[in-house]
Amino acid sequence: MPNQRTQFTALMRILHWTMAAMVLTQLGIGITMVASLADYHTLVSIHRPLGAAILVLVVVRFVVRQLSPLPPFPPTMSRLERMAALASEYTLYGFMFVLPLVGWSMLSAARYPVMLFGSVHLPFILPHDALLYAILRRTHTILAYLLFLTYLAHFGAILFHTLIVRDGMLFRMVPWNVRPREVVRGSSQPTSRRERVEV
Amino acid sequence: MAIQHEAPPDARPHLSTAGKVARLTLIGAALAAVAGTFAYLGGWLTPNALTPARFTDGFEEVYGVHPGFRRNHAKGVGVWGFFESNGNGVRLSKAAVFRPGRVSVLGRFSLGGGQPYAPDSASDVRGLGLQFSLPDGELWRTAMIHLPVFPFRTPEAFYENLFASRPDPSTGQPDPAKMQAFLAHHPETAEALKFIKSQPASSGFGDSTFHGLNAFRFINAAGESTPVRWILTPAQPWNTTPSQDKNFLFEALIAQIHRQPLQWYLIVIVGQPGDPTNDATIAWPAGREQVNVGTLTFDRVESDDTSAARDINFDPLALPAGIATSDDPLLSARSAVYSQSFTRRAGEQKQPSAITPAEVDKGK
């Protein structure tokens with residue numbers, strides 16, 4: 001029986017938009033705080049617990065993704081495009097997992113206290129080592145820029161699908177429920193022009 | 001054309017070339033807007049704004065780059081000891097460090113300035129960085145100096161002074177005209193310097209009173225917030241004899257600790273409503289309640305080369321629950337610039353410091 005799902009599950013959509021807001025906020029805070037004298041402390045005090053929350057949520061999200069039924073790709077997408085979409089999805093998961101972990105590791109190596117709220121703080125997960133800190137600190141920045149670029153590609157791709165291809169791909173992830181008809185109002189045939197050309 | 005004939009029936013309205021171009025432009029504009037916002041946030045569009053990196057560049061410009069060393073307070077030694085709390089601080093702060101008992105303390109005595117091998121001078125600013133290791137794993141760090149008030153109210157003023165007080169290469173002295181211009185611009189600095197000169201002078205590290213300078217807030221178990229400042233007053237009478245020896249201040253400190261532990265009382269000054277918490281150039285009125293919350297003892301001294309303190313950032317905003325920042329603009333800026341300096345030196349090759357392990361052992 002063909003997959004009749006038109007959208008990701010409600011839980012996956014909630015996780016997607018919550019984490020989208022958190023990750024964009026986190027990137028914005030990160031790039032702002034390193035250039036700020038007046039707001040440095042306030043921003044760092046948000047950046048650390050927010051990073052910890054992202055680390056926890058991305059693990060939850062990854063498990064949920066493995067256990068949830070997924071809607072099919074729009075028929076407008078070629079096999080190559082589907083592979084690219086999957087790769088970028090896993091790349092984003094990877095960044096959301098590794099970036100906070102590198103942040104926690106570098107703070108541990110530098111012996112910066114990682115305060116979350118009140119007296120609750122994270123333990124150090126690496127030995128005190130300044131050189132290790134320096135390497136991880138640089139890694140953190142590089143990964144953050146790569147995550148930002150991956151996000152831009154993701155954002156650009158969905159805009160392209162929504163405005164140019166017009167295959168209703170965005171409806172798979174919108175927070176509200178949509179009827180199947182709207183989702184497949186692009187090409188509803190099993191093989192599209194695009195696929196036929198490329199196959 | 002043949003391909004188009006193969007296309008399945010399509011519910012989408014036809015998109016003209018002009019429409020496609022317009023939509024692609026819209027996509028490009030959306031991506032550029034996001035990227036531009038981040039560039040703005042990261043300070044890329046305001047290249048003249050004072051950032052932690054540019055502040056640190058200022059230290060490097062004035063003092064030179066000395067790889068592996070702190071960009072300020074470059075010359076120093078590490079110490080180990082403990083803080084014995086008497087419990088008097090509990091009513092003001094719920095921080096575990098103020099409960100009766102003992103916590104271990106890592107410290108670093110230093111001299112102001114970015115030159116790690118400069119000869120000691122009695123007129124140097126003496127610094128003391130502390131890290132209290134609280135029983136639940138929290139850390140409290142504070143970086144104190146021996147001046148009773150800080151000469152600068154804002155990070156910008158500090159930065160300006162860095163260049164105004166820079167020694168002229170031909171005379172070795174700061175240009176008096178530049179200093180005068182700076183003080184005319186910053187009457188609060190002139191007032192602070194007058195106040196500093198009016199206070200009794202100390203001779204070296206051991207008889208210095210160290211000041212936390214900035215105001216903080218203590219929060220007790222009932223959630224009450226109190227503006228405070230803290231100082232360390234020396235428990236021992238002590239006199240350092242000035243000498244031509246280029247490390248005389250540190251040598252006297254090392255000899256003293258080898259002879260017997262050095263002690264300070266940690267005094268919390270309790271602010272009253274209306275006492276300025278955002279101006280480190282002004283001392284609070286005399287007569288404010290002073291609470292002795294415990295005794296700090298240093299019984300071990302170590303070269304920067306081997307001390308854990310070398311690779312610690314004595315960030316004044318590394319605070320446990322029960323101690324919070326104030327509205328003093330210096331605090332966040334100190335935190336930011338210390339962090340920048342730490343990140344730079346952490347990745348650099350380490351050089352032996354002025355006070356080597358052999359130097360420290362000699363004092364035994």
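The following dialogue explains how to read several features of a predicted two-chain model.

Biologist: Which conventions and confidence limits apply to this model?

Modeller: Residues are numbered from 1 along each chain as its sequence is written, and chains are lettered from A and ligands numbered from 1 in the order in which they are written. The model is predicted, and local features need pLDDT of at least 70, side-chain atom pairs count only at pLDDT 80 or more, and totals for chains, interfaces and linings use all residues.

Biologist: How many helices and strands does chain A have?

Modeller: Helices (H or I, at least four residues) and strands (E, at least two) are DSSP runs, numbered from the N terminus. Chain A has 6 helices and 2 strands, in the order α-α-α-β-β-α-α-α from the N terminus on. A residue is buried if 20 or more other C-beta atoms lie within 10 Å of its own, exposed if 12 or fewer, and partly exposed in between, with C-beta atoms placed from the backbone. On that criterion, 30% of the 199 residues in chain A are buried.

Biologist: What share of the contacts in chain A with a separation of 6 or more comes from residues 24 or more positions apart?

Modeller: Two residues are in contact if their C-beta atoms, placed from the backbone, lie within 7 Å. Residues 24 or more positions apart account for 66% of those contacts. A:Leu24 and A:Tyr151 are 127 residues apart in sequence, yet 8.9 Å apart from C-alpha to C-alpha. A:Leu24 lies in helix 1 of chain A and is partly exposed, because 16 other C-beta atoms are within 10 Å. A:Thr91, in helix 3 of chain A, is 56 residues from A:Leu147 in sequence and 8.5 Å from A:Leu147 in space, C-alpha to C-alpha. A:Thr91 counts as partly exposed because it has 15 C-beta neighbours inside 10 Å.

Biologist: At what angle do helix 2 and helix 3 of chain A pack?

Modeller: Axes are lines fitted to C-alpha atoms, for helices over the stretch in contact, and angles run from 0 to 180 degrees between N-to-C directions. Here the angle is about 145°, and the axes are 9 Å apart. Among the residues making the contact are A:Ile54 and A:Leu55 of helix 2 and A:Phe97 and A:Leu101 of helix 3 of chain A. Nonpolar means Ala, Val, Leu, Ile, Met, Phe, Trp, Tyr, Cys and Pro; charged means Asp, Glu, Lys and Arg; the others, Gly among them, are polar. The contact residues divide into 10 nonpolar, 2 polar and no charged.

Biologist: How many residues of each chain meet between chains A and B?

Modeller: 42 residues of chain A are in contact with 47 residues of chain B. On the chain A side, helix 1 (10-33), helix 2 (40-67), helix 4 (130-165) and helix 6 (193-198) each give two or more residues. Helix 4 of chain A gives the largest share, 13 residues. By class, that side has 22 nonpolar, 13 polar and 7 charged residues.

Biologist: Which residues touch the most other members of the largest nonpolar core?

Modeller: In soluble globular proteins, nonpolar side chains tend to be buried together. A nonpolar core is a set of buried Ala, Val, Leu, Ile, Met, Phe, Trp, Tyr and Cys residues joined through C-beta atoms within 7 Å. The largest here has 97 residues, and those touching the most other members are A:Ala110, A:Tyr133, B:Val77, B:Val97, B:Trp140, B:Phe150 and B:Leu253. Not counting residues up to four places away in sequence, B:Phe150 touches B:Ala192, B:Leu213, B:Ala280, B:Thr281 and B:Leu330.

Biologist: Where is B:Leu213 found?

Modeller: B:Leu213 is in the loop between strand 5 (210-211) and strand 6 (216-219) of chain B. Most residues other than glycine have a negative phi. B:Leu213 is not a glycine, yet has a positive phi of about 65°. B:Leu213 counts as buried because it has 24 C-beta neighbours inside 10 Å.
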